[in-house]
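The sequence and the model are shown first.

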Amino acid sequence: MTLNEIREDLRDIRYYYSRKEFLENGGKEISVVNRIKRRAEKYNAAMENAPPKLLDIYLNLYAKGYTQEATAAILGYSPQYINLLNNNLLIYLCGALNNSEKSSD
């Protein structure tokens, strides 16, 4: 997977979590909702071995849907540092997801 593919997936995951109750209640029969849910589960599994700071960034930015500025305030970091950690998260996910795809082949 490329970094751009991961960014797109994370946007979808963030949206999914922000509308999870509605999507799951209203779209149980729709395969798109199931596909996004499976993608979120795949990323959650990839985060199981992540360093705590990256897990914090993933949860705040994507599972909870906070902005980088809000996450910076919550965690007591500068917005620039949150941006750096988010970039590190993308790199971590790229490696973790690509490794999981190779091991499932």
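Predicted model: local features only at pLDDT ≥ 70, side-chain atom pairs only at ≥ 80, totals over all residues.

Helix α4 itself covers residues 52-63, and its buried residues are L54, I57, Y58, N60, L61 and Y62.

One of these buried residues, Y58, also belongs to the largest nonpolar core, which has 25 residues. Together with I6, L10, Y43, M47, L89 and L93, Y58 touches the most other members of that core. At least two residues of the core come from each of the helices α1, α3, α4 and α6. The greatest contribution is that of α6, with seven residues.

The helices that each supply at least two residues to this core are set out below.

| Helix | Residues |
|---|---|
| α1 | 3-18 |
| α3 | 31-46 |
| α4 | 52-63 |
| α6 | 79-104 |

M47 is in contact with L54, L55, Y58, L89, Y92 and L93, when its neighbours within four places in sequence are left aside.

Helix α4 also packs against helix α5, which comprises residues 68-75. The two axes are 9 Å apart and form an angle of about 130 degrees, which means that α4 is oblique to α5. The crossing of α4 past α5 is right-handed. On the α4 side, D56, I57, N60 and L61 take part, and they meet Q68, T71, I74 and L75 of α5. Sorted by class, this contact has four nonpolar residues, three polar residues and one charged residue.

Conventions:
Residues numbered from 1 in each chain as written. Heavy atoms only, no water. Buried < 20%, exposed > 50% of the residue type's maximum accessible area, 1.4 Å probe, protein only. Helix = DSSP H or I, 4+ residues; strand = E, 2+ residues; numbered from the N terminus. Core = buried A, V, L, I, M, F, W, Y, C linked by side-chain atoms within 4.5 Å. Contact = heavy atoms within 4.5 Å. Axes fitted to C-alpha atoms, helices over the stretch in contact; angles between N-to-C directions. Parallel < 35°, antiparallel > 145°, perpendicular 65-115°, else oblique. Left-handed = near helix turned anticlockwise from the far one by under 90°. Nonpolar A, V, L, I, M, F, W, Y, C, P; charged D, E, K, R; others polar.
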